6 protein chains.
Amino acid sequence: MQKFEEKDVVRNIVENILSDYKNGRDIDKLTVFHQPDKEAIIDIVTKLMRIFFPGYYRDKVYRFYSVRNNVSVLIEDVMYNMQKQIAIVLHNKCEFNCCDEDDIQKTAQELTFEFFQKIPKIREYLNTDLQATFDGDPAANGKDEIVLCYPGFYATTIYRIAHEVFVLKVPLIPRIMTEYAHSKTGIDIHPGATIGKYFFIDHGTGIVVGSTTTIGNHVKVYQGVTLGALSTREGQKLHGKKRHPTIEDDVTIYSGASILGGATVIGSNSVIGSNAFITKAVEKNSRVSIQNQKLYCRPGEKSHAELKDLNLNDGWY
Amino acid sequence: MQKFEEKDVVRNIVENILSDYKNGRDIDKLTVFHQPDKEAIIDIVTKLMRIFFPGYYRDKVYRFYSVRNNVSVLIEDVMYNMQKQIAIVLHNKCEFNCCDEDDIQKTAQELTFEFFQKIPKIREYLNTDLQATFDGDPAANGKDEIVLCYPGFYATTIYRIAHEVFVLKVPLIPRIMTEYAHSKTGIDIHPGATIGKYFFIDHGTGIVVGSTTTIGNHVKVYQGVTLGALSTREGQKLHGKKRHPTIEDDVTIYSGASILGGATVIGSNSVIGSNAFITKAVEKNSRVSIQNQKLYCRPGEKSHAELKDLNLNDGWY
Amino acid sequence: MQKFEEKDVVRNIVENILSDYKNGRDIDKLTVFHQPDKEAIIDIVTKLMRIFFPGYYRDKVYRFYSVRNNVSVLIEDVMYNMQKQIAIVLHNKCEFNCCDEDDIQKTAQELTFEFFQKIPKIREYLNTDLQATFDGDPAANGKDEIVLCYPGFYATTIYRIAHEVFVLKVPLIPRIMTEYAHSKTGIDIHPGATIGKYFFIDHGTGIVVGSTTTIGNHVKVYQGVTLGALSTREGQKLHGKKRHPTIEDDVTIYSGASILGGATVIGSNSVIGSNAFITKAVEKNSRVSIQNQKLYCRPGEKSHAELKDLNLNDGWY
Amino acid sequence: MQKFEEKDVVRNIVENILSDYKNGRDIDKLTVFHQPDKEAIIDIVTKLMRIFFPGYYRDKVYRFYSVRNNVSVLIEDVMYNMQKQIAIVLHNKCEFNCCDEDDIQKTAQELTFEFFQKIPKIREYLNTDLQATFDGDPAANGKDEIVLCYPGFYATTIYRIAHEVFVLKVPLIPRIMTEYAHSKTGIDIHPGATIGKYFFIDHGTGIVVGSTTTIGNHVKVYQGVTLGALSTREGQKLHGKKRHPTIEDDVTIYSGASILGGATVIGSNSVIGSNAFITKAVEKNSRVSIQNQKLYCRPGEKSHAELKDLNLNDGWY
Amino acid sequence: MQKFEEKDVVRNIVENILSDYKNGRDIDKLTVFHQPDKEAIIDIVTKLMRIFFPGYYRDKVYRFYSVRNNVSVLIEDVMYNMQKQIAIVLHNKCEFNCCDEDDIQKTAQELTFEFFQKIPKIREYLNTDLQATFDGDPAANGKDEIVLCYPGFYATTIYRIAHEVFVLKVPLIPRIMTEYAHSKTGIDIHPGATIGKYFFIDHGTGIVVGSTTTIGNHVKVYQGVTLGALSTREGQKLHGKKRHPTIEDDVTIYSGASILGGATVIGSNSVIGSNAFITKAVEKNSRVSIQNQKLYCRPGEKSHAELKDLNLNDGWY
Amino acid sequence: MQKFEEKDVVRNIVENILSDYKNGRDIDKLTVFHQPDKEAIIDIVTKLMRIFFPGYYRDKVYRFYSVRNNVSVLIEDVMYNMQKQIAIVLHNKCEFNCCDEDDIQKTAQELTFEFFQKIPKIREYLNTDLQATFDGDPAANGKDEIVLCYPGFYATTIYRIAHEVFVLKVPLIPRIMTEYAHSKTGIDIHPGATIGKYFFIDHGTGIVVGSTTTIGNHVKVYQGVTLGALSTREGQKLHGKKRHPTIEDDVTIYSGASILGGATVIGSNSVIGSNAFITKAVEKNSRVSIQNQKLYCRPGEKSHAELKDLNLNDGWY
């Protein structure tokens, strides 16, 4: 089909790309088999969803009469694969570099067991999130709908899983988990964040929750909210420092609001209005909103003055 | 491979999780086989795309000479599965609880048939959306490109499908459909919303259209726009009430604008500028924009005064 | 199982849909096999990721000892399929309408070869993006984490691939590629945009980069940023004109900022604050931010005056 | 791609085939969904192999620490599917024609449970077959090899499964099972046959064991052996009658031998030589072989006389 | 993982094998893409089974209400792929070597159409085979069982398909089809053989029907029967000559019989006994059997004389 | 769906089967992960076919321009998996029981390398088999047909592969390979047999070649031939002894012949007629056939005398 010259072109292209790998740059990493397997981790997360909500997902591979068997199988399967992936990332963690394979496997197994022992606790939290979502969204027709299709609840579930893995100091894997949720929902919660019970995210797309954020109980967050760092100009120097805000109990943060900085605390029982941009602490019981967003109208409207009334003050929510 | 103690740990973990299911919380739902199958519904949606745009999708399993056969197959297949999924959700709907299986199957079939009879009407609407998208986006090289890769057109298509299922009062399934589109595009249109012809979404990520929103013909919406509720503090008490705005014909809403509240009507032929936050009705033919976003400059810039000219007024669009 | 009348209903539905296809509208396109195969293009992109980062992805189908073989296989496979898809889209491009199949195949092969010869250059750029991401994000634990799970780096990689295909004037395919990245990350970079080295996107969801945007080296962009057109009211008349801004070297654009218009140039070394809305050129070394976002507090707060201090000026970042 | 006339040809062909279905012949059966699913039954058989020999097969889908979970899952899965397939075939069985669906499901479940309760008994038999195979074949390096790759043991296992289903009077399914084994091994044992413990088949290809055959304990059978009917000229009139031989305990039947007829009993402890053709009863302790197979030699050999010595008598085995 | 020397070993091995390909032997054929695709042909055969017996097979991919659609889809699909495979083998056929691609495609399409037009005729024949099998086998519980699991009927069906393709002078493909059936059933019928109506094969394993065999109507054949050539010592010189026997109407051939030679005609209404070895013509109405197979008994039996009665004469069938 | 009592039944069944595993019989083997993976070995064999005949098989996963890359990939892949499977079986071999994992891996790799170094030799042999098959079968239209669909050539290829693995003293795997071929072709060649060049099997079904058989060059074997042991009554005591015949060069063995015993040598250039049963050595240049198979005819035939002429003598071949 192809003539001789074409083969030469192909060969040259291959050679050029192969020699390009030899530049020794970070991008030129070539050791295979020592990276965690992203797809395996996504599979773990997907199966954990079925362990967490056994009545909501079906097994496509086997048919079961009893939940017991269904869940036992899933648990062992996830354990096996989680241990395998954790062992891989432990290799990449400097402190284990000189360890032998057996120690790493043992540590990986212990970490896996620790994670699984936390599952009832995680489910306890998720049950409160489910209640908060149902109470908070008048559009919800039932809790089934929330478990089956609310992206906010989905992202929260994966965050809660990833966070427990993060707490065990397992590198890389927690982030792969939350970035998977980010990809599916547009909600980017860093696994390092701490989030209390009864957490409710509505709509969700565009939410960012930074790695050192602390969130209390009964907090509601709407689409486009950023809980971020004030500045990241110093880059890696900031690694490990508290750079993201603290949100106390019973706070509601409406869409598009930005709350930035490690020293920024939103006092309990406060409400932050849409698009508010906050870089300093807010006292308890505050209702913060943008004052007087001046809206301007051109030909066709009654008058400018009247339009100014389109501000937040009246429609306070 | 594993020693005896490990087996004990595994067994304990399994038992703990199993006993955790017995708390009787909402999260502990255990009846299998009575939830709709999310993957089956996504498959239905994917195949409906091929029925709606028969020239744009290929069959990976069979090879066809004629569109007739291709489409007949798809229609029967989708009918079969849609009826099956509808029957499942009808079981969960209270008014059918005492019905026998045959009645449910019959109702599910009738609903499926009703949906399919609406397909020509839905396609009529989609053709206007396609035209509006082509007219509205100078970057579009052709209508093929829009059908094949525009997320706004994709989300609109799935919304229009889901809306017709919603109108038939089928629970759960419409929301699973639109949340699938939400997950793929970042565009969250509730299936309960009413949207006229020639609807155009550009870029799309972060758009929210609430369940009681009404949108007229020839409306354009950009990324990050929220057509939402004023407040949801009352939660489930608001269920079923008109909480989201009405957008009349020929309105354009630029990126980041928020229009909130069930009584908020944007009069026909109006333009809402970027980031405007509106909670009251706007008259016909209005051009609303944020007046004087003051921009501040630090060392390196000429002067503050000049920079103030960077406001919206000049660049009105 | 089904009775006779049901079959009639099914037959009527099928006939109605089939006759609906005969309206001759744009939506009624019926020629099969002449559209590019979206799934094939996504497969190409996925395999290119493995060619670009050979150490980070695993082959699920074969097991290899040497990277050479792994990569050779991938390269030939992607070449074969890319040539096939390019040939399909060239058919749809008017200037080729009268060409014979052989010419199209030859052109498709040449374009494929040209693309592959650019891979070392693209990797050179990606290595700088990787460095910029590591330097810019204090939360990054290592470059592995970035390659494996950062959506910004993922979207940038696919943009860089798509852009090179775009430069070769291949229709449709580049856009399908970037819309795939858009769907996975919420980051919408048009393949026509020009982006320099050391590009860093953080979080990413909601970013829009228009088709005639030009971006220099060392630029940082945060979530929700729009680099867009001032107005698209003229629609298709604007096709091909410079409608999107120019961002010079060393510019940082914080979350939610909008920079609009083809004449809008952000001078080098500038910083654009969160939510700034800019439609005119900004000089070099500027630090633009919204002045005095007035925040209003209701019962529970100390006083209005104090709260005004919650402005951007102090917390400048 | 194809021209108009081609479409006509295609349409004509389709119409001709469809109208050919309307001849009302046996081959024209058109009711879908009422036949058992061959692939499902093969899947059942394959999974039963893993239940019978839990240490020899691996689960490709899940990973397990404990055999308990592995087996529990398989058992429930096979139960579910076996009940489903049995229910389908019960529909086709005349005596159930007027039963309602619930009765059929109940019967199918009871039959499934009965089958599963026999599994320990079947395994008891298989353990003796394994022993007999090991003792009988000097080429066997271990019992692992037998379980993993001996076609005779494989066919015996499937026969034993199918026989128990046959005994429960489930139509069709047992035969589909043994024909699957026949297809894989060339060994055709009718599920109706009765076979004792310590059954050993060597090589196997070409073995036929008819439906009313009775075989005792410790019987060895080699390739190409037929245990058949004397004549089948009367066809369906013979349905249900004993037409195949009885083989008593401790009999060995060498390759190519044929033993025919319902009244033909091979007495215990007998040996039937290769290619013997037997249609009458043989007493206990007999050693039957073909007497004097005259072999003829042409130029090149020593003499005819000597060659006659190549008979069975000397080499009796 | 692997050390440097290992890589060298691998490289040497690869190089040795590659250079071994350069010997120019028949085995060293290297042109890819010009051989028919065995798996594609097996797929064609499998789908043809569903076209021939539409009530017996299920579609795993789509769900259908009507047989019409099911069959239309299959027909178009098989046509498409059969044309593709025929085109490939026509390339390899010398007389087409100088043809251009369009001619080959056209010929391939015509041949495909011709084949499909014969389907009703083939089904007519298969219906007679089904009847003959039911009448001939007392173990058959119904015709369903025959269609679903009788290897003889399966092999006959594939032979009938392959034969019609053979008659169209399509190379290679018919043989791939019958060898597939051979592999599944142990029945080796050459596609060149001619077989009349009401053909019945019982058990089947080991049957060989040579390429120039002619078989009349109402013929029954049992396991292990060879209809072969007398000698093939002359090899390729015999190519195309009648080398296999002719079996007239209403003949029954019992297990293990061999009928050899192109001049050997078995006259109508004859019966050939088990293991008979025939190389000359047999008149009509003959009942041929081996006379007096002398059976010899060793200690334990009554006497030799009695045992001689174990001959065919009594048990003639 | 299921009631409480059903669950109890299920639980009892599971418990009974689980406790049945505890009998400690050979069938009760429970250690998972220490058996070779049959499917993996079949995959190895299938891929080796593509390495041996690179021009005849297509890669379904990747598309290649060059054979070099195709083959390199396959070789590495097969090496990887073969080493893995060999390591598993070495564990089970007593002499390695006390070895540590590293030694086993090293040995497994060396054995794998040794096998691959023999590939050119194996191909040399296969090329002669291909020639012999073409020369021997007048029905062959070309060598393509032989490689693509002749079961005899297929079984020979797999035997030659398995034999080389057998020679390396790798347990279990060679037998799994040849039993796979047995299952596909009905040809059962033990991997321990020694077979010279230019080996030709016609039709093949039912052929048995025992483990200590030795076959010279230019040997032809037809369907149903057994090269077996005289008696296996002594079972495992015979393990390792020469029990199967020796066939010298240029011998042809027609269908159904049995040659038994370790001392039985068929001298070179001999021909063994159909159904001959031989247990003693045959000199060079012999043509052995059954003398005077007496055929008996009943009413309808001319006379018995004439029919006797239907013996082998005339039709000698």
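Start by selecting Ser270(C). Is it buried or exposed? Ser270(C) has a relative accessible area of 0%, and since anything under 20% counts as buried, it is buried. Keep in mind as you look around that this is a predicted model.

To get your bearings, find β11 (265-266) and β12 (271-272) of chain C: Ser270(C) sits in the loop between these two strands. Now show what surrounds it. Setting aside the neighbours within four places in sequence, Ser270(C) touches Asp250(C), Val251(C) and Thr252(C), along with Val282(C), Glu283(C), Lys284(C), Asn285(C) and Ser286(C). Zoom in on Ser286(C), whose backbone nitrogen is 3.1 Å from a polar atom of the Ser270(C) side chain.

Next, hop over to chain A and pick Asp250(A). You'll find it in the loop between β8 (246-247) and β9 (252-253) of chain A. Check the backbone here: Asp250(A) isn't a glycine, yet its phi is positive, at about 60°. With a relative accessible area of 38%, Asp250(A) is partly exposed.

Select His218(B), in the loop between β5 (214-215) and β6 (220-221) of chain B. Its phi is near 55°, again a positive value in a residue other than glycine. His218(B) has a relative accessible area of 39%, so it counts as partly exposed.

Back in chain A, go to Lys284(A). This one belongs to the loop between β13 (277-278) and β14 (287-290) of chain A. Lys284(A) comes out as partly exposed, at 48% relative accessibility.

Select α2 (residues 38-52) and α7 (residues 151-167) of chain D. Their axes come within 11 Å and cross at roughly 100°. An angle from 65 to 115 degrees counts as roughly perpendicular, so that is how α2(D) and α7(D) lie to each other. Show the side chains where they meet: Val45(D), Leu48(D), Met49(D) and Phe52(D) come from α2(D), and Tyr154(D), Thr157(D), Ile158(D) and Ile161(D) from α7(D). By class, that contact has seven nonpolar residues, one polar and no charged ones.

Stay in chain D and move to α4 (residues 101-117) and α5 (residues 119-136). Here the axes are 5 Å apart and the angle is about 40°. Phe115(D), Phe116(D) and Gln117(D) of α4(D) make the contact with Ile119(D), Pro120(D) and Ile122(D) of α5(D). That contact has five nonpolar residues, one polar and no charged ones.

Finally, zoom out to all of chain A. It has nine helices and 15 strands, and 65% of its 317 residues count as buried. Of the contacts in chain A between residues at least 6 apart in sequence, 47% join residues at least 24 apart.

Now colour by confidence. Chain A averages a pLDDT of 85, and 83% of its residues score at least 70. Select residues 301-317 of chain A, where the pLDDT is below 50; beyond near neighbours in sequence, this stretch has 43 contacts in the model. For the complex, the predictor gives an ipTM of 0.88 and a pTM of 0.88.

Conventions
Residues are numbered from 1 along each chain as its sequence is written. Chains are lettered from A and ligands numbered from 1 in the order in which they are written. This is a predicted model: local features need pLDDT of at least 70, side-chain atom pairs count only at pLDDT 80 or more; totals for chains, interfaces and linings use all residues. Side-chain values use heavy atoms; hydrogens and water are left out. pLDDT is the predictor's confidence in each residue, from 0 to 100. Contact means heavy atoms within 4.5 Å. Helices (H or I, at least four residues) and strands (E, at least two) are DSSP runs, numbered from the N terminus. Buried means under 20% relative accessible area, exposed over 50%, partly exposed in between (1.4 Å probe, protein chains only). A polar contact is a pair of N or O atoms within 3.5 Å; within protein, one must be able to donate a hydrogen and the other to accept it, and residues adjacent in sequence count only if both atoms are side-chain atoms. Axes are lines fitted to C-alpha atoms, for helices over the stretch in contact, and angles run from 0 to 180 degrees between N-to-C directions. Angles under 35 degrees count as roughly parallel, over 145 as roughly antiparallel, 65 to 115 as roughly perpendicular and the rest as oblique. Ala, Val, Leu, Ile, Met, Phe, Trp, Tyr, Cys and Pro count as nonpolar, Asp, Glu, Lys and Arg as charged, and the others, Gly among them, as polar.
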